[in-house]
Amino acid sequence: MDIGSIISIIVTSLMAMVPIVLTSVGAVWSERAGVVSIGYEGVLLMSAFFGAIVAELTGSGVMGLLGGIATGIVFGMLHGVLTVYLKGNHVIPGIGINLLALGVVPFGILAYWGTAGQHQVTVTLWSWQTKYGKISPMIPVTIAIAIITWWVLFKTPLGLRVRAVGENPEAADALGINVEKYRFWSTVYGHALAGLGGAYMSVAWLGVVQKAMSAGRGFIALANMVFSGWNPLVALIGGWLFGFFDALATWLAPLHIVPGQFILMLPYIMTLIIVAGIIGKARPPKWDGRPYKRE
Amino acid sequence: MKSSISDLIAAFNFKALLESLIAIVIGFLIGALVLLAFGYDPAVAYSALFGGALGSTNSIASTLAYSTPIMLTALTFAISARTGIFNIGAEGSFYFGAIAAVIFTNIWANMWFGLAMGILLGALWSLPAAFLKVYRGVHEVISTIMLNWIAWFFVFWLVVGPYANPNDPNKTIRIPESARLPLIGNTNLSIAFIIAIIMAVLSYYLLWHTVFGFGMRASGLNPRAARYGGVDPNKAIIWSFIIGGVMSGLGGAMKIMGEPPTYAISQGMANVYGFGFDGIGVALVGRNHPLGIIFAAIFFGMLRAGTALMQIEAQVPLEIIKVIQGIIVITIAVPGLYDLVKNVFKKG
Amino acid sequence: MKEVPIIEMKGIVKVYPDGTKALKGVDFSVKQGEIHGLLGENGAGKTTLMKILSGMLHPTEGKIYVRGKEVRFKSPADALANGIGMVHQHFTLVEVFDALHNIILGMEGHGLLSKINVDKAREKLKKLMEDLNFRVPLDVPVEDLPVGVQQRIEILKMLFRDVDVLILDEPTAVLTPIEVEELFAVLRKLKAEGKTIIFISHKLNEVMELTDRVTVLRKGEVVGTVKTSEATPQLLARMMVGRDVVLRIQKPPKEPGEPILRIENLWVKGDRGEDAVKDLAFEVRAGEIFGIAGVEGNGQTELIEAITGLRRPEKGRIILNDRDITGRPPKELYDAGMAHIPEDRTRMGLILDMTVTENAILGLQWRKEFQRWVGTVDWGKAKRHTEMLINEFEIVAPGVDAPVKSLSGGNQQKLIVAREVSKKPVLIIASQPTRGVDVASTEYIRNYLVKLRNEGKAVLLVSADLDEILQLSDRMGIMYEGEFMGIVKPEEVTTEEIGMMMGGIKYEELNK
């Protein structure tokens, strides 16, 4: 393996990192506030779809990303209403959102663009074309989002309150912190980041909308969140590692050393091993996934 | 017998039943809005959908055939849910059940052997998540998601590699004729449907009429109290995974052994993909009750069977039913749906 | 001129969503600068009333006035803004935060997105602590601090917010007698500084010692408000219970028989890995009630969990009827003749979402008498059994198929007692058997325990209610930090001596 391949694997892995890190960081924030969601997979898929539509309608890649964020916000609000205000189960809405995405996206591709299964996005975000592959400005943006989210979560009053709400909502409530408000907007923020990640996939990275393009990244992001110990900085590094495996698998696949399926399996096996090994140390927020009711 | 019939009725919570019906109605209403938005006529689409699902003996057979695999994967989810576990690993066990049927009926062309091996592999594949949950505290949602993907790539490799059909390399070798499930009457419906119904009834009996099932439900509702009551919740959890794996493995095996004319895993594993996730929807609409699941599965089967005619007569993409199903599940996730709707009607 | 009370609550009614009427039109008023006791039994509505005053709950009906001005609290923030703060019985601390961050939470003092600066807060807290002469480590995660210190953090949290009215809900329940004295000193100092204190308790002595006036609640209604100086414990007790006779238990003398349960050099670890039970040894004999007294959290829970097979002991042996049962699972213990009334009714004793019948056979489900054939439950038989228990124990239940959560607390507890007795045990372990249970049910359960003892069963009773232990026990051990300070007969010691032992002084050292 020459130096050029190494650089190109790193470039590819940084590109692959973006949706995983954004979703993980969003999920970390949401779970720190005590709201679990497994609907990120569906949000990634749907925001890839709607992000592409917005990009094509406005002729702007940036607007496409905003469209993805808006999609994330809509589903974050839906999830937030169901779990935070109506005190419902935290897992079931995600199952519904994922199922919905599997319908909306292929249906939408066919109904909107008239093509089956796949659409080439005509308006994409500017990126830097190098001989090692393209580099998107979303890479530094993602790193900045992870760092800023970490800083806000651990250094500011806002972060203190979010963590309090996820650890002991009763304590926060007794001090006049509006638990529902903090939980709701944390959920929205989490899903908005996933929405940004989804739009990035179609508008900036892959340049297509496909009916299975999220390819489990929403779930990998959850594994990465656990791996990170609910810490955005560690999630940044973990997300890059997952991206690295992805890139490595793609790079090794044509060499036929081992069947391609085994390489593609690798990140999932690694996740499982990491999650199994680390869970003893990583402690989820105490009220994670539990609705809070005053009476 | 008198008491068991009254139990059966008591276990059917009418409020839950109504909530499922409300969710279904809302699913269809929103589905209609989506259809309208994209310029389709919902009335035409829906009447084609139901015509395609119930219009003839063959369409009814098709409905029931579609309901069979999701009935079994729904049981996987429901049995675990009753034990307090969010097992979304039906998908992976389903792949393994399917490939087991292909592999082992080609070693010994016997139907029962094929089913048994499907069950065995399905159950085995459920074990990693069970042990990770009990001994390492890994949340089952995370582990089963990973295991589903691992199963997908592994079985995919078997499908395109060692067990590819030499004459048609995108499919696997076929189930030998003598190991295929008998068909009912002159239809394409196999006895798989009857076996699935039997499994649902057995699941009901297990959960509500055995000491073991009592322990499982106790663990699901309150593990501390269950432990106090002499039940080992960890054992209950492991068994709920295993029984779940049995159901999905059987479902996968029967999907391949009882589905004319293919009798093989098809290109891109298209005829085994997605049944585990659909089963979760079925379980939720059936309120995690094995008897509710029978009806919910037939309902989902109707939707799926009807899409063929809907595509022809109304030119509507078949994925609209996933949209409807997704809305139904999200609606079911609304707590106190029944009271909510009741209040709306009172005001209105 | 009549002075305006700092707090005035008028006609407060509270109906919970499940239909329970917790308060039935309560009038309550507190004067500026007094320590006002709020006395009542469990379930009288004290906590509900104060949660309404502190903004945690909304009243169904009624009005609240602060300094004569009507207020409407939407949340605790509104109450805090009006200078009212409450220290809850279950502490509301974020366990992974240190004291400092717990205290500044919600009033960090800057913009939401600026860096937290704790210097000013630390300064203010140091001064507060000096004034009151009590100290709290500010930088240690509170989960690593003892409950007494956690309580101080709760009080500091309110004082940091400059509250004028401080509400304390059963603050002494978790404290040793010495800590109680220290707390009272702090409260008196606060009063001297002009603060108003509302002190919720069901302990007569404490109310007599500390308060200026007392309001007594019973079943959601005010019985009356009296000046403490004009009251006697007897008067307050009568107001609280509603009848002159406090519970009387008939207990004929009885010679105990053979030892049924023997505990030998038992060591048990708590959830945080600390030694919760240290080298404990005692025995419970047939026809005897052995009581374990002590402030909660001194290893009683861990001891009982070890005996009942729910927690694995580190060292030592547990012997039931000459059989070593150390570390055996609960099912085996039940088969060996043990029954267990657990301390936490709703989280361990019952499965609230199951029916009365299902709960009535929990722990008995594998017994032959409930089986149709091996491994199956005959619900017909189970229901007949349940109906029999309901009749025999006078349990009020809408039916055997009703969810057990539809029963009142007292009836739930009676169902547990009935179920455990129906195991036909030789040893009954009763942990807080009457906590949160109405008076009638309490009396019934206590008498039943005595009846079991009279029939020659061995009874191990753990209770935080000292009266209960004193009334029922033939012998009692006083537990402190995982050890017995003494094993005595109730009639041989005075209340003061027990109090000293509960506070960590050994019996042998008492009379030196």
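Here are some questions and answers about the chain contacts, a helix pair and the domains of this predicted model.

Me: Happy to start with chains A and B: which element of chain A gives the most to the side that touches chain B?
Reply: In this pairing, 38 residues of chain A meet 36 residues of chain B. Elements of chain A that give two or more residues to that side are α4 (92-113), α9 (217-227) and α11 (260-278). With 14 residues, the one that gives the most is α4(A).

Me: And how many charged residues are on the side of chain A that touches chain B?
Reply: That side of chain A is made of 38 residues. Sorted by class, 30 are nonpolar and seven are polar, and the charged count is one.

Me: Let's turn to chain C. Which element of chain A gives the most to the side that touches chain C?
Reply: Here 20 residues of chain A and 24 residues of chain C take part. On the chain A side, two or more residues come from each of α5 (138-155), α6 (157-167) and α7 (169-174). By class, this side has ten nonpolar, three polar and seven charged residues. The element that gives the most, with six residues, is α6(A).

Me: Within chain B, are α4(B) and α13(B) parallel, perpendicular or oblique to each other?
Reply: Helix α4 (residues 57-82) of chain B packs against helix α13 (residues 290-314) of chain B with axes 7 Å apart and an angle of about 135 degrees. Roughly antiparallel would need an angle over 145 degrees, and roughly perpendicular covers 65 to 115. The two helices, α4(B) and α13(B), are therefore oblique.

Me: Nice. What is the handedness of that crossing, and how many nonpolar residues does the contact have?
Reply: The crossing of α4(B) and α13(B) is right-handed. Residues in the contact include I70(B) and M71(B) of α4(B), and I293(B) and F300(B) of α13(B). Alongside five polar residues and one charged residue, the number of nonpolar residues is 16.

Me: How far apart are the centres of the two domains of chain C?
Reply: The domain assignment gives domain 1 (7-241) and domain 2 (259-510) in chain C. Ten residues from domain 1 contact ten residues from domain 2. On the domain 1 side of chain C these are seven nonpolar, three polar and no charged residues. Taken over C-alpha atoms, the centres are separated by 33 Å.

Me: One last thing: what percentage of residues 261-506 of chain C is helix?
Reply: An unreviewed UniProt entry annotates residues 7-244 and 261-506 of chain C as "domain: ABC transporter". Over residues 261-506, the end C-alpha atoms are 24 Å apart.

How values were computed
Residues numbered from 1 in each chain as written. Chains lettered and ligands numbered in written order. Predicted model: local features only at pLDDT ≥ 70, side-chain atom pairs only at ≥ 80, totals over all residues. Contact = placed C-beta atoms within 7 Å. Helix = DSSP H or I, 4+ residues; strand = E, 2+ residues; numbered from the N terminus. Nonpolar A, V, L, I, M, F, W, Y, C, P; charged D, E, K, R; others polar. Axes fitted to C-alpha atoms, helices over the stretch in contact; angles between N-to-C directions. Parallel < 35°, antiparallel > 145°, perpendicular 65-115°, else oblique. Left-handed = near helix turned anticlockwise from the far one by under 90°. Domains from an automatic or database assignment. UniProt positions renumbered as here; feature names shortened; annotations may be inferred.
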